[in-house]
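Let's walk through this structure together, one region after another. Keep the 3D view open as you read.

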Amino acid sequence: MAKRDINIKHSDDVRGAGGELHQTASAPEARITSNHGAPISDNQNSLKAGARGPTLLEDFVLREKIQHFDHERIPERIVHARGSAAHGFFELTESLADVTTAKVLTEVGKKTEVFTRFSTVAGGAGSVDTPRDVRGFAVKFYTREGNWDLVGNNIPVFFIQDAIKFPDLIHSVKMEADSGYPQAASAHDTFWDFISLMPESTHMVMWAMSDRGIPRSLRMIEGFGVNTFRLLNEEGVATLVKFHWRPKLGAQSTCWDEAVKIAGADPDYHRRDLYEAIADGDFPEWEFGVQLFTQEEADALPFDILDATKIVPEEVAPVRVVGRMVLNRNPDNFFAETEQVAFLPTNIPPGIDVSEDPLLQGRLFSYQDTQLSRLGTVNFHQIPINQAKGCPFQNFQRDGQMQTAVPKGRANYEPNSLSEAGEDGGPRADPKGGFRTAAIPVEGTKVRIRSETFADHYSQARLFFRSQTPPEQAHIASAIVFELSKVSLEHVRLRVLANLRNVDEELASRVAAGLAIDLPEKAPAAVEPIDLDLSPALRIVGKYPETLEGRAIGLLVTDGADGKIVEALKSAAEAEGAKVKTVALKVGGVTLKGGEKLKADAQLQGAPSVIFDAVAIVASEDGCAELLKEGAAVDFAKDAFGHLKAIGHTKEAQPLLDKAGVEPDAGVVDLAGGAEAFLAPARTRQWDREPNVRILA
Ligand code: HDD
């Protein structure tokens, strides 16, 4: 169980016989005060004209408390509203001094504090954690040269090529404007209408429909800076760069049906997983890597590196791992830190620079702007989580709402000569160590057009689809069938299919068959797609480590069960880093075979198998008879089987498996064979089982 630090100080409230309140807090640091410091004598009763009389306007204690409460919420982020974050550090393991002067990328061994926020994109702040969606992956490095915010996603490409399309994209995916639904879902008319009219989105749609759109854990997502950036070295030479994060636990996903059910079982599934892992000392870790290119190398690629709908395959330009990030501390306060953190792609230290990617160029404006409506003032950089902790910040910007700094002296302009009179003249620009912009030659006629080099919308979508393993391809096809089945506009479905024919004819046919509609004519492509060399690096299946680390195992235990089996499973699984929870019909637990009591970690109704990676049913004959009467027990086994999980069971549990339709296979294991027989399949998912449990497109 996660350990929580609860910092709230309780003043022992004691009620007298007449209901009057006696507070025992007397030390000044323990007593409640108003926001302005006045000690409060009674936090339970408002000031009234008589015990049963009306409340008095005079009651400033009541008014301040209610008024503050009334204003507790701030506008949620227009996108990425639902997020979870943690503190940690970044450690450079290999210097990039040849290509950049940024200290954070040149000082090997130096640990730079970070604050990292993960998010879904479409849902509101109170939505669930497991919809099919892109995941945000935003890292704030508190470097010695100012904050560096690498505001990326778990998918390396984007839906659109130009920032001017962003409001349209987001309007289309959010709940529909008239009805206000669906929440946190792309499976609806307006999203697919927009997508089908924007062929450039096809590549990212492939990624979003793949298993990457339904991650198992935030600890198991990759991260990408998406846009191309530049690094600048001492000589001012620029190198193009793409940034990558790779989770130590590997990229892993849930099954779609599982993700849907988790949303009901535990809407906070990812948030809880991250929080508990960190609280338990299982610190999530990522490798940090870069792909570097000279301008000449970039020019030789068959697509434009400024086009955010394109990747550079790792097989073409390997990812050079130069650091790692470890998240090792939960926020103390969700609002103050996770909610108020403001990421800005414009936060970049000297030695890193932006590119002309038109999507990134728009982002450079949008984030600063949105913080003003979200956090309400130009002084949002003074909020502790946003402060440049790695170095001092000083300039002549002054005043504004919620100004908390108290600058001294009269130097609030520059140039000034106040120092000549012995006064503090304030800071000055640093031409050598200050932020530099890559001296990239730029000229042209003012035009509103998209570059011809951005016109190939399908080759990389095809590359992505064809590089997947068969189960992953089937998931993509099935996901598109699911989404389009929720689309009510027939012409939109057809337009998606017409576009898909440019990606892969077989994919288009599978989706059409899954919808039971005829394939329309192929949509004309601006540029005919080409077959690129496949990139196995784009897969998930077969890439992640088979391990119990980061996995949760549920042991469904009944009265009369053999305690030795429970103990053996628990200790063997925990020794390998799994989290084990006992689940029983009643939370008080069970009486084991020998008469001893075993407390349950969770009641069955609240701990369905969807929240575990593998399950074991340790039942006695009578215990199993009880389970047969409980639908949640049948679902426990049925869903574990359907979600391709290892199932260990005692012989006595067989009737439950039969009722749940669990068929024998390599992942269904008799616990008489010992703990290892169960733990071996529990280290991964039983992909081979999938064709037996569902019809895939
Ligand atoms: Fe964005 C938030 C990632 C394109 C406008 N974006 C936001 C967050 C992430 C991303 C992870 C959440 C940060 C947090 O946790 O607070 N966005 C991306 C990526 C993009 C991208 C990887 C493509 C490469 N974004 C993008 C465009 C625009 C925006 C093209 C506008 C033109 N994004 C915003 C925003 C948000 C935001 C409206 C909402 C909250 C915030 O900025 O702070 O300004």
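A word on the annotations first: UniProt positions are given in the numbering used here, feature names are shortened, and annotations may be inferred rather than shown by experiment. Please also keep in mind that this is a predicted model.

With that said, let's begin with the annotated residues. According to an unreviewed UniProt entry, the "active site" annotation covers His80 and Asn153. These residues span 74 residues in sequence, yet no two of their C-alpha atoms are more than 10.4 Å apart, so they gather at one spot.

Where does His80 sit? You will find His80 in the loop that runs between helix H1 (60-70) and strand E3 (83-92). A residue is buried if 20 or more other C-beta atoms lie within 10 Å of its own. His80 is buried because 23 other C-beta atoms lie within 10 Å. Setting aside neighbours within four places in sequence, His80 is in contact with Ser119, Val121 and Gly136.

Asn153, for its part, belongs to strand E6 (residues 146-153). Is Asn153 buried or exposed? Asn153 has 25 C-beta neighbours inside 10 Å, so Asn153 counts as buried. Beyond neighbours within four places in sequence, the contacts of Asn153 are Val134, Arg135, Gly136, Phe137, Phe224 and Val226.

Now turn to the ligand. Its surroundings comprise 27 residues, and the closest are Arg77, His80, Gly136, Val226 and Ser366. Here you meet His80 again, among the closest residues to the ligand. Which elements build this shell? Strand E4 (111-120), strand E5 (135-143), E6 and helix H9 (358-375) each supply at least two residues. H9 gives the most, with 6 residues. Sorted by class, the shell holds 14 nonpolar, 10 polar and 3 charged residues.

Let's step back to the chain as a whole. The unreviewed UniProt entry places the annotation "domain: Catalase core" on residues 33-422. Over residues 33-422, the chain is 22% helix and 19% strand, and the end C-alpha atoms are 43 Å apart. The domain assignment gives domain 1 (83-386), domain 2 (457-538) and domain 3 (552-693).

How do domain 1 and domain 2 meet? Their centres, taken over C-alpha atoms, are separated by 26 Å, and 23 residues of domain 1 are in contact with 27 residues of domain 2. On the side of domain 1 that touches domain 2, helix H3 (189-197) and helix H4 (202-209) each supply at least two residues. H4 gives the most to this side, with 5 residues. By class, the side of domain 1 that touches domain 2 has 9 nonpolar, 6 polar and 8 charged residues.

Next, have a look at helix H12. H12 has 14 residues and reaches 20 Å from its first C-alpha to its last, close to the 20 Å expected at 1.5 Å a residue. H12 is mostly covered, with 10 of its 14 residues buried; among them are Arg493, Asn499, Arg501 and Asn502. What covers the buried residues of H12? The cover includes H3, H4, H10, H11 and H13.

Val503 lies in helix H12 and counts as buried because it has 25 C-beta neighbours inside 10 Å. Although Val503 and Ser459 are 44 residues apart along the chain, their C-alpha atoms are separated by 7.1 Å. Leaving aside neighbours within four places in sequence, Val503 is in contact with Thr202, Tyr458, Ala461, Arg462 and Phe465.

Just after H13, Ala516 takes a positive phi of about 55°.

The last stop is Asp559, in the loop between strand E13 (552-557) and helix H14 (563-575). Asp559 has 18 C-beta neighbours inside 10 Å, so Asp559 counts as partly exposed. Asp559 and Ala584 are 25 residues apart in sequence and 8.8 Å apart in space, C-alpha to C-alpha. Not counting residues up to four places away in sequence, Asp559 touches Val590, Thr591, Ser620, Asp622 and Gly623.

Conventions. Residues are numbered from 1 along each chain as its sequence is written. This is a predicted model: local features need pLDDT of at least 70, side-chain atom pairs count only at pLDDT 80 or more; totals for chains, interfaces and linings use all residues. Helices (H or I, at least four residues) and strands (E, at least two) are DSSP runs, numbered from the N terminus. A residue is buried if 20 or more other C-beta atoms lie within 10 Å of its own, exposed if 12 or fewer, and partly exposed in between; C-beta atoms are placed from the backbone. Two residues are in contact if their C-beta atoms, placed from the backbone, lie within 7 Å. Domain bounds come from an automatic or database domain assignment. Ala, Val, Leu, Ile, Met, Phe, Trp, Tyr, Cys and Pro count as nonpolar, Asp, Glu, Lys and Arg as charged, and the others, Gly among them, as polar. A residue is near a molecule or strand if its C-beta atom, placed from the backbone, lies within 6 Å of it. The expected span of a helix is 1.5 Å times one less than its number of residues.
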